[in-house]
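Student: I have a chain to go through. Can we take it step by step?

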Amino acid sequence: MQSANRPLSPHLQIYRLPMLAILSITHRVTGVALCAGALLLVYWLAALAGGPQTFATAHSIMTSWLGLLMIIGFSWALYYHLCNGIRHLVWDTGHGLTLESAGVSGWMVLAASVLLTLFTWLISYALSGGAS
């Protein structure tokens with residue numbers, strides 16, 4: 001039996017994941033990131049309980065560029081997961097289930113998560129008295 005010499009469908013170079021699929025995958029990834037962030041929080045609390053020397057080490061790690069990137073990423077994941085969870089609750093009531101409204105609410109979730117993260121970090125920066 002001879003096989004046809006044609007590309008597989010959908011071809012990886014032209015196929016683009018739908019927005020709703022990307023949002024669904026992102027919701028799952030942020031859930032895993034929140035678990036990892038919870039471990040980071042446990043580390044910080046254990047360092048706090050461990051005394052001044054242990055906390056100073058943890059503080060230097062958390063305030064490094066990589067630590068701040070992880071904390072900011074954790075806060076975005078938290079807000080994204082929260083906003084998308086609210087969106088799912090609205091869907092559970094039977095509202096917003098059309099493809100068009102699901103797409104609009106997806107963009108709203110992305111925008112809200114970014115704005116809430118920026119707002120949180122701007123407030124945090126202002127309350128800390130600027131750069132430390």
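Student: Which elements does the chain hold, and in what order do they run?
Tutor: This is a predicted model. The chain has four helices and zero strands. From the N terminus on, the order is α-α-α-α.

Student: What percentage of the residues in the chain is buried?
Tutor: Buried means under 20% relative accessible area. The chain has 132 residues. The buried share is 19%.

Student: Is Cys 83 buried or exposed?
Tutor: Cys 83 sits in helix α3, residues 65-92. Its relative accessible area is 11%. The cut-off for buried is under 20%, so Cys 83 counts as buried.

Student: How is α1 oriented relative to α3?
Tutor: Two packed helices are described by the angle and the distance between their axes. The axes of α1 (residues 19-50) and α3 come within 8 Å and cross at roughly 130°. That angle makes α1 oblique to α3.

Student: What is the handedness of the α1 and α3 crossing, and how many nonpolar, polar and charged residues form the contact?
Tutor: The crossing is left-handed. Residues of α1 in the contact include Leu 20, His 27 and Gly 31; among those of α3 are Phe 74, Trp 76 and Arg 87. By class, the contact has 13 nonpolar, eight polar and one charged residues.

Definitions and conventions: Residues numbered from 1 in each chain as written. Predicted model: local features only at pLDDT ≥ 70, side-chain atom pairs only at ≥ 80, totals over all residues. Heavy atoms only, no water. Helix = DSSP H or I, 4+ residues; strand = E, 2+ residues; numbered from the N terminus. Buried < 20%, exposed > 50% of the residue type's maximum accessible area, 1.4 Å probe, protein only. Axes fitted to C-alpha atoms, helices over the stretch in contact; angles between N-to-C directions. Parallel < 35°, antiparallel > 145°, perpendicular 65-115°, else oblique. Left-handed = near helix turned anticlockwise from the far one by under 90°. Contact = heavy atoms within 4.5 Å. Nonpolar A, V, L, I, M, F, W, Y, C, P; charged D, E, K, R; others polar.
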